[in-house]
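Please keep the sequence and the structure in view while reading.

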Amino acid sequence: MREITYLEAVREAISQEMRANEDVFMLGEDIGVYGGAFGVSRGMIEEFGPERIRNTPISEAAISGTAVGAALTGMRPILELQFSDFITIAMDNLVNQAAKIRYMYGGKGSVPLVVRTPSGSGTGAAAQHSQSLEAWMAHVPGLKVVQPSSAADAKGLLKAAIDDPNPVIFYEHKLLYKTSEHVPEEPYSIPLGKADVKREGKDVTIVATAIMVHRALEAAEKLAADGIEVEVIDPRTLVPLDTETIIDSVKKTGRVVIAHEAVKRGGFGGEIAATIAESDAFDFLDAPIRRLGAEAVPIPYNPTLEKATVPSVESIVEAVKHTLPASFKKGRELHA
Amino acid sequence: MRQALPDFISKEAYKTYYKQMWLVRFFDEKVDEFFAKGLIHGTTHLAVGQEASAVGACAVLEEKDKITSTHRGHGHCIAKGAEVDRMMAELFGRTTGYCKGKGGSMHIADLDKGNLGANGIVGGGFAIATGAALTSQMKQEGYVVLCFFGDGATNEGSFHEALNLASVWKLPVVFICENNQYGMSGSVKDMMNVEHVATRAESYGIPGKVTDGNDIFSVMTDVKEAVDLAREGGGPSLIECKTYRWKGHSKSDAKKYRTREEEKEWRNRDPIKAMKEALVEHGVATEEELDKVRQEAKQEVEGAVDFATESPEPGLDTLLEDVYADA
């Protein structure tokens, strides 16, 4: 079976959609012969030409608004914002224009726009190139927010995002670009709003996004050695959010840890926690809901500090253990 | 004798545009009155005194052409063919309004007629117009986009970014600045260190021209030249229409930042009066004919008020509708 990287999966999804639909095109900074800051569009200008792989000036306000205008008039632009931090410069067009147009025009018009943007820390790029700002976007009615954690998910979700008639913010994690797995060659779609159970378990649920899915799975492996069976759920899309899968899992396990890379304060974990607390899963909770997110600091440059800012495998393991009853811990200690 | 009228507009069409001028005037005066009486809520920005730039610029467009508008957009909307009854209904927040009562004054769009929407964000339309022009270029649809904006918006970054992008991509978009001398209370004299917005075009390698925004014929002539250039693949232009808003920025404006003498001076240059005089002088229409046209416009706006007030309020069941388009 063929294995390709997350980065290649993203490129494959775009290329296949561009071959299938003349209206799909890409625009962004340095996406032409340079191939994009992370190499996603490498080789694409040779196949599709500079008309459809449109290299833009460094001007996020203009290119985001241009994408909105093009989408509103019948194109299906895919905008690459070089780093997700730069979404701040494109904010007016995404928040005040793209997200609002259909509603404020009384259900007329639509903005089938995909904003792809690399997110997250861990590359040493420090405070202005390492943020995870997905909660901002999830807060705005009218936008959809996607965070794939694997190559196969990235491909299927990106096709769904391109096909969707609404503005979709598609967060790609920089550290995941080089991860690989089996990805089917033919085009396929993973519906937005469908969570994936990445690992089944009966003791504790971990709801994790993007790179935290991998750390949660690693944590689950470690905990399994202690006889703790962890279920790992990846919502894959924050908007729409698959609350059902999360709630069902919590009802099964009675314990939940939420892990994301974004700052914990005001982060999307709070939304997931509240959704669980407001649901009938509340009666099944055997321990308080625990949230893991980044410290409320700008991402530091120093590698040790950078690593310590965001949740780690160890901190997830600890959080899971905190949800367990004393007897469970005792048994584990005896076992050890 | 005045300068000859542009010959690319027919005699009959001149009467249509004369009527549009009055529709804009009566519509906004009526809106002003209703706001004062508390019959319309929210806020609004009136284009009284600026009728010539909206009507004159849209007059040279073909039906397939598109516009983006500003929060002072009623005039652009009318000039691009919108019906005043549905516009008035929108301001009254009724279901029959262009946006089912959810957009209001600052967000009226009429996509069927090529109006991509007013905008509550100063400078919000620059890049959207540029994007619509990109669609025209990529799909070879042959339409031109007019992007309306005020002088204040040219101090926003989006102005500079969009003009640069539209220029390097040679997009069919014409940027129409309605320089009404004030960005809210900020006089252009205090907010920019160049006399003309049009000179800013030079930085982006595109033509920039100042026109008399209170003279509809001047607007028509200069915008047509720019539209023709854009349609032929010559890229964008910037036309600056010097004009004046008679009313305040919005309904809460006491106009402390300007003198009554200045207002009077501009009122003496009423664009509608000037158009009428020229049409009579050139024998396009008689005074009586034009008075009849004016009367028709007045009645149309009165009818719009009836239509709006008789239209139903949206039901609460529509509150959550239309946030997303169905996949």
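In this predicted model, the place to begin is the meeting of the two chains, where 41 residues of chain B are in contact with 45 residues of chain A. The size of an interface is often given as the accessible area lost when the parts come together. For chain B and chain A that area is about 3300 Å², and carbon and sulfur atoms account for 63% of it. On the chain B side, the residues that lose the most area to chain A are B:Met138, B:Glu161 and B:Tyr324, which together make up 19% of what that side buries.

Two salt bridges are found between chain B and chain A, and B:Asp112 forms a salt bridge with A:Lys108, with 3.0 Å between the closest N and O atoms. Counting residue pairs in polar contact, with both residues at pLDDT 80 or more, gives 17 across the interface of chain B and chain A. The elements of chain B that give two or more residues to the side touching chain A are helix 5 (125–138) and helix 6 (157–168), and helix 5 of chain B gives the most, with nine residues. Sorted by class, the side of chain B that touches chain A holds 22 nonpolar, ten polar and nine charged residues.

Between them, domain 1 and domain 2 of chain A bury about 2000 Å², with 58% coming from carbon and sulfur atoms. Of the area that domain 1 of chain A buries against domain 2, A:Ser121, A:Gln147 and A:Ser149 supply 24%, more than any other three residues.

Here, too, the rule finds two salt bridges across the interface of domain 1 and domain 2 of chain A; A:Lys198 and A:Asp153 meet through their side chains in a salt bridge, at 2.6 Å from N to O. The polar contacts between the two domains of chain A come to 13 residue pairs, both residues being at pLDDT 80 or more.

Key: Residues are numbered from 1 along each chain as its sequence is written. Chains are lettered from A and ligands numbered from 1 in the order in which they are written. This is a predicted model: local features need pLDDT of at least 70, side-chain atom pairs count only at pLDDT 80 or more; totals for chains, interfaces and linings use all residues. Side-chain values use heavy atoms; hydrogens and water are left out. Buried area is the accessible area (1.4 Å probe) that two parts lose on being put together, summed over both. A salt bridge is a side-chain nitrogen of Lys or Arg within 4 Å of a carboxyl oxygen of Asp or Glu. A polar contact is a pair of N or O atoms within 3.5 Å; within protein, one must be able to donate a hydrogen and the other to accept it, and residues adjacent in sequence count only if both atoms are side-chain atoms. Contact means heavy atoms within 4.5 Å. Helices (H or I, at least four residues) and strands (E, at least two) are DSSP runs, numbered from the N terminus. Ala, Val, Leu, Ile, Met, Phe, Trp, Tyr, Cys and Pro count as nonpolar, Asp, Glu, Lys and Arg as charged, and the others, Gly among them, as polar.
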